[in-house]
Amino acid sequence: MHLLFISACIAFFYKINEVSGSDWCYESQDPCTSHCHGPDIWQKTNDAKACAGRSQSPINIVTKKTKLDERLTPFKFTGYNTVFTSDIVNNGHSVKVGVASSATISGGQLETTYKAVQFHLHWGSEGGPGSEHTVDGEQYPMELHIVHMKQSHSSLHEALGDKTGVAVLGFFYEESSSDNRKYEPIINSLKEITQTSTNTTISLSLNFLIPPVKNMTNYYRYNGSLTTPGCAESVVWTVFEHPIPLSRAQLKAFSKLKFSDGKPMVRTFRPVQPLNKRIVYYSASNTVLASVALLVVSVAVAIRLSWPN
Ligand SMILES: *[C@@H]1O[C@H](CO)[C@@H](O)[C@H](O)[C@H]1NC(C)=O
Ligand SMILES: *[C@@H]1O[C@H](CO)[C@@H](O)[C@H](O)[C@H]1NC(C)=O
Ligand SMILES: *[C@@H]1O[C@H](CO)[C@@H](O)[C@H](O)[C@H]1NC(C)=O
Ligand SMILES: [Zn+2]
């Protein structure tokens with residue numbers, strides 16, 4: 001019964017689409033009645049054939065199947081502490097900020113230096129599950145994507161034609177009991193951009209957004225795609241293990257934004273995609289070092305304790 005209903009909806013939808021051509025949307029936008037391309041058929045959107053590819057993002061990260069790669073050392077960030085002023089835009093799918101200063105990442109087994117282009121977020125409904133990547137099936141309330149491209153490319157469009165042209169840093173959020181003050185510029189600006197295609201200016205540095213360096217040593221690495229149409233398979237993904245804390249009120253503030261039809265902009269994530277033989281690497285070397293250090297300390301303590309004096 002349920003299946004029948006779905007195929008009827010798709011058949012109906014295709015008819016509409018032949019006439020009108022339509023934009024892509026998230027599952028939360030009710031693709032059937034809104035006559036937009038839901039995630040199951042994003043590949044029908046213009047220039048989005050790659051959405052049906054075999055190296056798509058996001059994925060569910062199965063920690064037991066990740067492979068330790070000791071070459072995944074901490075990143076080197078430059079310009080991340082430079083404060084810049086930029087437009088924050090409700091683009092109808094997310095909230096996006098162009099990076100209006102020079103900021104780069106290197107190290108972490110990236111083949112070259114990548115420069116920051118923009119960042120945006122994916123979230124749930126009223127602070128509920130909303131991340132794109134999941135870890136052992138767990139979905140976090142929100143996920144930040146800082147999009148970088150190889151410095152040698154002159155545009156994001158050009159970088160998307162290179163298998164490793166784009167490097168996205170993904171960060172999860174977790175609910176904390178108190179407000180994260182560093183997020184105030186973003187949270188406060190949201191009420192001014194509730195309508196699609198509106199923007200306002202904010203001042204911030206990329207460092208405001210991310211955890212301290214010591215909390216960024218553990219991450220996952222795999223090759224994947226953009227998580228919105230065209231879904232280009234040119235992204236070197238880094239998903240950090242350590243989440244960023246935001247209060248419930250701060251997480252909920254994102255649900256005040258609206259899609260172009262005026263409905264709440266919620267659950268703005270693509271469902272996880274098949275891994276298809278790809279390997280997810282993990283940078284645990286630092287955890288191992290830390291636990292070795294702890295072990296050394298505890299052995300030393302044990303020896304002291306066992307020595308009569
Ligand atoms: C922000 O809005 C202004 C006025 O509508 C517009 O000219 C500008 O291009 C917008 N900026 C972005 C990044 O969309
Ligand atoms: C950094 O990690 C420590 C230890 O896990 C944690 O207590 C702290 O809240 C983290 N800080 C941030 C800003 O994520
Ligand atoms: C990603 O693809 C590039 C180019 O094909 C390859 O060199 C690299 O090892 C791959 N990285 C991962 C993490 O699989
Ligand atoms: Zn994204």
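## Disulfide C25–C36

In this predicted model, C25 and C36 are joined by a disulfide, with the sulfurs 2.0 Å apart. The link is right-handed, with 75° about the S-S bond. C25 sits in the loop between helix 1 (2-20) and helix 2 (31-34), while C36 sits in the loop between helix 2 and strand 1 (60-61), so the bond ties together parts that are 11 residues apart in sequence.

Both ends are covered. C25 has 1% relative accessibility, so it counts as buried. C36 is buried too, at 9%.

## Disulfide C51–C231

The count comes to 2 disulfides. C51 pairs with C231, again with an S to S distance of 2.0 Å. The torsion about this S-S bond is about 80°, so the disulfide is right-handed. The pair links distant parts of the chain, 180 residues apart. C51 lies in the loop between helix 2 and strand 1. C231 lies in the loop between strand 13 (219-224) and strand 14 (235-240).

Are these cysteines buried or exposed? C51 has 5% relative accessibility and counts as buried. C231 is buried at 0%.

## Zinc site

Ligand 4 is a zinc ion with three histidines as its protein donors: H120, H122 and H145. H120 and H122 each use NE2, whereas H145 uses ND1. The donor atoms lie 2.0 to 2.1 Å from the zinc ion. Along the chain, the donors follow the spacing H-x1-H-x22-H.

H120 has a relative accessible area of 14%, under the 20% cut-off, so it is buried. H122 is also buried, with 1% relative accessibility.

## Ligand 1

Which residues surround ligand 1? They are D87, V89 and N199. In the side chain of D87, an N or O atom is 3.1 Å from a nitrogen atom of the ligand. N199 places a polar side-chain atom 2.4 Å from an oxygen atom of ligand 1. Taken alone, the ligand exposes 370 Å², and the protein buries 29% of that.

## The loop at N276

N276 belongs to the loop between helix 6 (248-253) and strand 16 (281-282). Its relative accessible area is 28%, so N276 is partly exposed: the value falls between the 20% and 50% limits.

N276 and S55 are 221 residues apart in sequence, yet their C-alpha atoms are 7.1 Å apart. A polar atom of the N276 side chain also lies 3.1 Å from the backbone oxygen of R54.

## Aromatic pairs

The model has 14 aromatic pairs. One of them joins F75 and F77, with ring centres 6.1 Å apart and planes at 45°, so the pair is tilted. F75 is buried, at 9% relative accessibility.

Y220 and Y282 form a stacked pair, 4.9 Å centre to centre with 25° between the planes. This pair links distant parts of the chain: Y220 is in strand 13, Y282 is in strand 16, and they are 62 residues apart. Y220 counts as buried at 3% relative accessibility. Y282 is buried as well, with a relative accessible area of 13%.

Ring pairs also build a cluster. Its members are F75, F77, Y80, F171, Y219 and F240.

Conventions
Residues numbered from 1 in each chain as written. Chains lettered and ligands numbered in written order. Predicted model: local features only at pLDDT ≥ 70, side-chain atom pairs only at ≥ 80, totals over all residues. Heavy atoms only, no water. Near = heavy atom within 4 Å. Polar contact = N/O pair within 3.5 Å; in protein donor to acceptor, adjacent residues only side chain to side chain. Areas by Shrake-Rupley, 256 points an atom, 1.4 Å probe, with all protein chains shown as cover. Helix = DSSP H or I, 4+ residues; strand = E, 2+ residues; numbered from the N terminus. Buried < 20%, exposed > 50% of the residue type's maximum accessible area, 1.4 Å probe, protein only. Donors = N, O, S within 2.8 Å, 3.2 Å for Na, K, Ca; no water. Disulfide = S-S within 2.5 Å. Phe/Tyr/Trp six-rings, centres within 6.5 Å; stacked < 30°, edge-to-face > 60°.
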